[in-house]
Amino acid sequence: SDEYTGTGESLAEFFEPSEELRGRLSVFPTPDEVISLANIYLGIPFCSEDPKEMKKIQDMLVAQKEYVVAYNNETMSDLITSGEALMTNHWNGFSRLGRLAGAPVQYAYPKEGVVGWFDSLVVPSSAKNVENARAFM
């Protein structure tokens, strides 16, 4: 967007946003996605049980909160498409919907990395009706 001057080169833009993102940041509501991304940014191992490390993540997310317009995943495309949000952590399918609607969506690949997910369908080797399973897929 022309309204945002950041480059998306660092997760700092997401977790320690600039003033131009105040009230314009959309964030997933699910801890497994947000906390894992925070772990990457802060260099904290996944599944850390160290209370001090988790306190760092909590403090960072509490400070980020005043910049957040919404914690959701149902309307993130609408928020980006309307311009209400200028930055979001986003699924590629939803961002495609925004691009198809004409929104100036641009992917960012922060230097720290991101959490990767993919969906898959499988047919168990013990399946009784493999052809129906394939037809379903």
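In this predicted model, the count of salt bridges comes to five. One of them brings together the side chains of R24 and E3, with N and O 3.0 Å apart. R24 sits in the loop between α1 and β1 and E3 in the segment before α1, so this pair ties together parts that are 21 residues apart in sequence. E3 itself is partly exposed, at 46% relative accessibility.

Another salt bridge links K55 to D59, at 2.7 Å from N to O. Both residues belong to helix α3, where they are four residues apart, or about one turn of the helix. K55 has a relative accessible area of 42%, so it counts as partly exposed, and D59, at 38%, is partly exposed too. Within it, the closest N and O atoms of E19 and R22 are 2.7 Å apart, and R22 is partly exposed at 35% relative accessibility.

The largest pocket takes up about 1,300 Å³ and has 39 lining residues, with T88, N89, H90, Y107 and A108 nearest its centre. Elements that each give at least two residues to this lining are α1, α2, α4, β3 and α5. Sorted by class, the lining comes out as 21 nonpolar, 14 polar and four charged residues.

The second largest pocket has a volume of about 170 Å³. Its lining includes V27, F28, P29, L61 and Y71, and α2 and α3 are the elements that supply two or more of the lining residues.

Conventions
Residues numbered from 1 in each chain as written. Predicted model: local features only at pLDDT ≥ 70, side-chain atom pairs only at ≥ 80, totals over all residues. Heavy atoms only, no water. 1 Å grid on protein atoms, 1.4 Å probe; cavity = no way out; pocket = protein on both sides within 12 Å on 5 of 7 lines; lining within 4 Å. Points joined across faces, edges and corners; volume = space filled by probe spheres on them. Nonpolar A, V, L, I, M, F, W, Y, C, P; charged D, E, K, R; others polar. Salt bridge = Lys/Arg side-chain N within 4 Å of Asp/Glu carboxyl O. Buried < 20%, exposed > 50% of the residue type's maximum accessible area, 1.4 Å probe, protein only.
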